[in-house]
Amino acid sequence: MKKITRRRVLRGMFNGTAVAVGLPLLNCFLNDNGTALASGAPIPQRFGTWSWGLGMSKSIFVPKKTGPGFDLPEEIAMFAPIRDKMNLYTNYNAFRDAAPNLCHTTGWVILRSGSAPLNQNSKPGETIDVTVAKKIGTTTRFPMLTVTATGDPRDTQSYESATSVNNAEGSPLALYSSLFGADYQDPNAKDFKPSPNILVRKSVLSSVSEDAKKLMTQVGAEDKARIEQYFTNLRELERQLDRQLEKPEPREACVKPKLPPELATGVDFQLVAQRHRLFTDLLVMAVACDQTRVFNATYSKSFSSTTKAGYEKPHHTASHEEPLDPKLGYQPMVSWFLRRGFEEWVYFVEAFAKVKEGDGTLLDNMLIYASTDQSFAKIHSIDGLPMFSAGSAGGRIKTGLHIDGGGTPGTRLGYTMMKTLGVDIPSWGTQSNNTSKEISEILV
Amino acid sequence: MQSVETRRIRSLGRFGGLFWTGLTTALVLGIAGCANYMTDQRSADTQPAADLGPVDVGSVPRARFMTAQQYSNMIADVFGSDIQIGTPIPPLMRAPDGLLSTTAGSVGIPGGQLMQLQRAATSIATQVVDKGDIGKELPAHRSYLVPCKPKADNAPDDACAAKFIRSTGRLLFRRSLDDAQVADWVGKAHQGAEHLKDFYAGLAGVLEGMLIDPMVLMVVDTTEPDPARPGQRRLDAYSLASRLSFFLWNSVPNDAVLKAAESGEIQTPAGRARVVEMMLSSPRVEHGVRAFFDDMLAYDKFDSLAKDGMVYSRESGAVLKDAREQTLRTAYDHLIVRNRDYRDLFTTRDTFMSPALASVYNVPAVPGWAPYAFPEDSPRAGILNHVSFLALHSHPGRSSPTLRGKALRETLLCQVVPPPPPNVDFSAVEDPDANLHTARERLTAHRANPVCAGCHKITDPIGLAMENFDGAGQYRTSEGGVTIDASGSLDGKAFNNPQGLAQALHDHPGLPTCLVKRMYGYGVGGMTTAVDKPQLEYLNKRFEASGYRIPDLLRAIVLSPAFGNVAEPPAAPVPAIKTAAQ
């Protein structure tokens, strides 16, 4: 006789019947040691990405000291409160080999996909977040969330395939509705009442699947691949519906956030910061409530178009047109824009670090990977790229370090992160960006 | 006074058959510096093989993902414009040919997007079958969107469900559902109604499914043997109906177009012509024409455009929204309602004005949108001098002759301005020399660098002629206390002011050929390549012969054999048409 699992019981009780969960709320979150959920399952790992545009001002960005306790030069002085929760990586290269240097594209595409793009309109393949989501994002309501503080859905660095882009959500209000709207099931609610519509939805999906199969026989090879992808995603949608029939695990830190305000269009730095913080707060709760375990956040796109009222150039234009100040040795306004972005990185990391989970914080059970498109944007350089990480992935990653990559492939960080999160691959990247060498300095 | 619609229909009829002779246009664009990178269109001396165009050309069958606007139009056309849709489909990335819509043939539907579509489908289906609420002034959509009343609201009714599924499914799938398909969906509606004890909820479940069905979301070209060309294929009648409809209406075919597909009438030359005339006389053609120009003019950029309020205090979100609308209104009125020469769109003083825009143009405001003509002594002439073009192709806090020149060449002349070399130093543009007051002076200093000069001399002489308009599109005569010199040149034609540039563009041979290239590619859903050359040459001649009338060009495109003929995909990538001096 088959074992009667909770899922089977719940399915049997389906049809809108309320299901009471008998555990006292406050004791049900974690085990006695605070290292696992009450069910015995380990606290899940999460992965996030954060991106900013236009690199750094090297002379006031790169610390002189490597390893722990590194110094914080002027441009990153604001990192002080999070220095020991993050790692700073400098002097990593992206290699384009025979591919063209696509300004503001080649660098980030290599760091996120492992390969150099051949043109602006097609990416080499799936990006690291998609790979990780296939590993750790399959049991949540949203396998992955992607947001951009610019407000433009096209400002994303997440691709499922060469031409299949995971567009970003540009409105915090819209993200709120998706996450905490009608279909949201509070994991800490006493009663669990799955929507009776779910089974009807599932049943109808079988007809949709049949049409997808039929369509595959009617189209050419390229279109077939696109429809196959649709078909795969339809299967995933079915699994999502299945999960909505299950009582979610209680989550200690989960609190339904307040409805965010509607924001104006635009990329003035203050507006971008406001949008970024609203998104950050929603992502924190999306993770805390286990609605997703993988997410992407863009602060500024690769051609960062952030503006400052009263200054006539957006960030990208300034990066090319503003001369290097002979006394300072850097571009003052460009650095001003970069600093606003780095302040937001601090907000982002602290937001996850503030939420308690088990014996530590949410950030302790996460890995956040931050990258950019250029090192010195003025000349579109992709040598000596800076990157950040935050979080210790449940104690598997050391933090508080500055690592000098010595000109080795920047793909090493992505590879290290994937290995840490259980993606079992012997190497990652192509041609000169191929690596099988983790950044050992950060491994516990 | 004639309504806009009446005038539009009359003009469409009057010019319906005037474009049967062709002239040859040879276009040579000689531009120094970046000439090797630039493209333009050139037609050769060829005679059309048939009145309707070359018969041995066709387009590659494609599966195109419906665009956000098409999805929205579909819902509005099938269920009514009061159904709230949200934004389940994100904007597309721009294709190398300059159009967003051609990307629709290559993008996939990622998992996150499918989830968004599913949520939108749930919301739409719920609205379609809702019973309304008089107190909240919500209409009972079910009373007119479901074509029958079930025997009981709380139980299945297969006959009534079948009626809804057949009629609605036919419009959404853009073809009649066969009996097996109907039976399958009816079965799902039955299960749902039984399970939820609600007939309408069962129906909503089925509608949710239809709205995420790949056969609805993807516009797939299906083909059949072409009796006129043994051994070759053509679009089947339903696919032809869809192609016509998405091109001319930017939406799904209606009942009349589907009937012409069902009867096979649409596959005959006379039948197709009748359907086309009917479609061109429909108010829906406004959606189609506006969608094309919105795409061609890259107006999707307005979705994220904002200006620096400290620099341009009059510029607001409302102004930018109206700026986009102003040019689209002007284009539709000029090209379709009045059936005027396409080239005159760049010199006409006729436009429309809204109160928000009036403050930027510094003209008297009247409530709502009203026709407006810039006076003869106004520096404004044509859509290049609209706030839309000027503000869109500027920085948030200043104008940009380079961006404006680049946009003119790329969007209106189908040329490609190469990106700057990765390691170029632009610092001269911000030369701290206090003697450099104007953009012209700063760019002249920048062009002292020979690496920069090559490309800037193909953009800046155009853009500098628009310097009488600041980054928000407001008129000015000086910058930094220095009188603006708005002289410039476009491919050998010199001028002294924005009106001169408008006339030079009007007379540029690349202007109409670029439109033909864009519009044909838009219509068949893909980038034009070398194999399309005979078809483009034919269309160029027809467009010229018609006096550059858009309704005639639309007819020429959709009635040509190439529009419905199927070509095998090329074995190897065919290079995009090189239309400049090669």
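Me: Which residues line the second largest cavity?
Reply: This is a predicted model, where local features need pLDDT of at least 70, side-chain atom pairs count only at pLDDT 80 or more, and totals for chains, interfaces and linings use all residues. The lining is A:V165, A:N167, B:F65, B:I89, B:P90, B:P91, B:L92, B:M93, B:V107, B:G108, B:P110 and B:Q113. Lining residues have an atom within 4 Å of a cavity point, and a cavity is a set of points on a 1 Å grid over the protein atoms alone where a 1.4 Å probe fits but cannot get out.

Me: What's the numbering, and which atoms count for side-chain values?
Reply: Residues run from 1 along each chain as its sequence is written, chains are lettered from A in the order written, and side-chain values use heavy atoms, with hydrogens and water left out.

Me: What volume does the second largest cavity have?
Reply: About 80 Å³. A volume here is the space filled by probe spheres set on the grid points, which are joined across faces, edges and corners.

Me: And how much space lies in the largest cavity?
Reply: About 120 Å³. Its lining has 4 nonpolar, 3 polar and 4 charged residues. Among them are A:R141, A:D183, A:R201, B:M115 and B:R119.

Me: Which elements give two or more residues to that lining?
Reply: α6 of chain A and α3 (111–128) of chain B. Helices (H or I, at least four residues) and strands (E, at least two) are DSSP runs, numbered from the N terminus.

Me: How many cavities in the structure?
Reply: 11 of 30 Å³ or more.

Me: Switching to the interface. What area is buried between chain A and chain B?
Reply: About 5300 Å², with 59% from carbon and sulfur atoms. That is the accessible area (1.4 Å probe) lost on putting the two parts together, summed over both. A:R154, A:R226 and A:Y230 supply 15% of what chain A buries against chain B, more than any other three residues.

Me: How many residues does each chain bring to the contact?
Reply: Chain A brings 65 and chain B brings 70. Contact means heavy atoms within 4.5 Å.

Me: How many salt bridges between chain A and chain B?
Reply: There are 4. The rule is a side-chain nitrogen of Lys or Arg within 4 Å of a carboxyl oxygen of Asp or Glu. One pairs A:R154 with B:D300, closest N and O atoms 2.8 Å apart.

Me: And over all chains?
Reply: The count is 49. Within chain A, A:R46 pairs with A:E357, also with closest N and O atoms 2.8 Å apart. That pair links distant parts of the chain, strand β2 (residues 46–51) and strand β10 (residues 356–357), with the two residues 311 apart.

Notes
1 Å grid on protein atoms, 1.4 Å probe; cavity = no way out; pocket = protein on both sides within 12 Å on 5 of 7 lines; lining within 4 Å. Nonpolar A, V, L, I, M, F, W, Y, C, P; charged D, E, K, R; others polar.
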